[in-house]
Each structure stands twice: as C-alpha cells, then as structure tokens.
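Visitor: I am new to this structure. Could you walk me through it?

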Amino acid sequence: MKLGDGVEQAIHSVTMLSCLQPGSTLSAAVKHLQAMSGAGLLEAVPGPKGGYRLARAPEKITLLDIVLAVEGPEPAFRCNEIRLRGPNPYSCKPAAPCTINVAMLRAEQAYRAELRRVTIAAIMADLKAIDRDGAIAARTNGFLALHERKSGNAA
C-alpha cells in the first residue's frame with residue numbers, strides 16, 4: 001500500500017499544531033489542512049490572525065483519522081470481480097466471496113486498527129522521550145516563535 005505525500009505532510013502539520021498555545025493558529029501552508037478541517041480534525045480560523053488549530057485534543061486524533069481525511073475512506077484494495085471478467089471467467093456468479101478480496105480486506109482492517117491505536121498525543125510523547133538533548137523541542141519552539149499567530153481567543 002502506498003500513501004500519498006500529503007499524509008506525511010498532514011501528520012507533521014497536526015503534530016506541529018498540537019504544540020500551539022491555546023487560542024493560537026498557524027497559517028495554511030499545507031493544502032491538506034482544509035480536508036482535515038472538513039473532517040473535523042482542525043478548526044479554520046478566519047481573519048488576519050487566522051489559520052488552523054486543532055479541533056480536538058491530541059489524544060482524540062489518530063493516525064487513521066488523518067489518513068482518512070487526506071486519502072478518503074475507500075479501501076486500498078478494490079475487488080473488480082476479475083473472476084467474472086478475466087481471461088478464465090466463471091460461467092455463473094460465484095456463491096462465495098472472492099477469497100483474495102477477503103484476505104486483502106482483512107489485512108486492511110489490521111492496518112487500520114493499528115493506525116486507529118496511535119494518537120497524536122502518543123507520537124508527541126514518543127518524540128519527547130527521544131529528544132534527550134532538546135534539539136527537537138528547540139527547533140519546534142523556534143518555528144512557532146516565527147509562525148504562531150496568537151489571537152487571544154481560546155479554542
């Protein structure tokens with residue numbers, strides 16, 4: 001399975017947004033922020049100090065939420081019933097579901113279950129644990145010092 005680059009950008013964006021002070025926003029530099037806003041993960045704030053901020057707590061946003069917002073809810077594997085239209089088609093509709101489709105959907109369910117298990121809060125905790133010298137935090141704080149838009153209105 002291959003996910004688009006937008007998924008990586010979206011996950012990084014959400015992790016950065018999770019570092020904002022209450023009421024602050026970041027500008028809309030990533031095109032997938034609008035899709036995540038439509039999915040209820042982010043809040044779009046209009047105006048000169050507007051931008052995006054989390055619409056949910058980091059504990060309530062999973063990697064699956066982000067993937068579905070960016071890529072859509074359709075399964076990665078779509079059975080086209082080649083059994084009926086391929087080079088050696090069945091003469092009548094098979095009674096049992098396509099075993100290949102069943103296996104692929106089972107694998108996708110496992111993949112989605114794992115993405116559903118990982119929250120943005122967990123990713124941030126993992127980052128904090130590996131940031132022994134504080135370099136990641138310093139880089140994040142430096143970025144936010146330049147780009148965070150403080151509106152004074154808490155979400």
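Guide: Start with helix 5. E114 and R117 both lie in it, three residues apart, about one turn of the helix. Keep in mind that this is a predicted model.

Visitor: Is R117 buried or exposed?

Guide: Exposed means over 50% relative accessible area. E114, at 39%, counts as partly exposed. R117 has a relative accessible area of 56%, so R117 is exposed.

Visitor: Which residue forms a salt bridge with R112?

Guide: Stay in helix 5, residues 99-117. The closest N and O atoms of the pair are 3.0 Å apart, and the partner is E108.

Visitor: Is E108 buried or exposed?

Guide: Buried means under 20% relative accessible area. R112 has 19%, so R112 is buried. E108 has 8%, so E108 is also buried.

Visitor: How many salt bridges does a search of the whole structure find?

Guide: Another one joins R56 and D65, with the closest N and O atoms 3.3 Å apart. R56 is partly exposed at 30% relative accessibility, and D65 is partly exposed at 23%. For the whole structure, the search finds five.

Visitor: Which residues have the most contacts inside the largest nonpolar core?

Guide: In soluble globular proteins, nonpolar side chains tend to be buried together. The largest nonpolar core here has 26 residues, and those with the most contacts inside it are V14, M36, L42 and I66. Helix 1 (5-17), helix 2 (33-38), strand 3 (51-54), helix 3 (63-71) and helix 6 (120-130) each supply at least two residues of this core. The names you asked for are V14, M36, L42 and I66.

Visitor: What is V14 in contact with, leaving aside its neighbours within four places in sequence?

Guide: Contact needs heavy atoms within 4.5 Å. With those neighbours set aside, the contacts of V14 are M36, L42, L54, I61, I66 and I120.

Visitor: Which side chain makes a polar contact with the side chain of S24?

Guide: S24 sits in strand 1, residues 24-25. S24 is buried, because its relative accessible area is 3%. Beyond four places in sequence, S24 touches residues including Y52, R53 and K150. The polar contact, at 3.0 Å, is with the side chain of E148.

How values were computed:
Residues numbered from 1 in each chain as written. Predicted model: local features only at pLDDT ≥ 70, side-chain atom pairs only at ≥ 80, totals over all residues. Heavy atoms only, no water. Salt bridge = Lys/Arg side-chain N within 4 Å of Asp/Glu carboxyl O. Buried < 20%, exposed > 50% of the residue type's maximum accessible area, 1.4 Å probe, protein only. Helix = DSSP H or I, 4+ residues; strand = E, 2+ residues; numbered from the N terminus. Core = buried A, V, L, I, M, F, W, Y, C linked by side-chain atoms within 4.5 Å. Polar contact = N/O pair within 3.5 Å; in protein donor to acceptor, adjacent residues only side chain to side chain.
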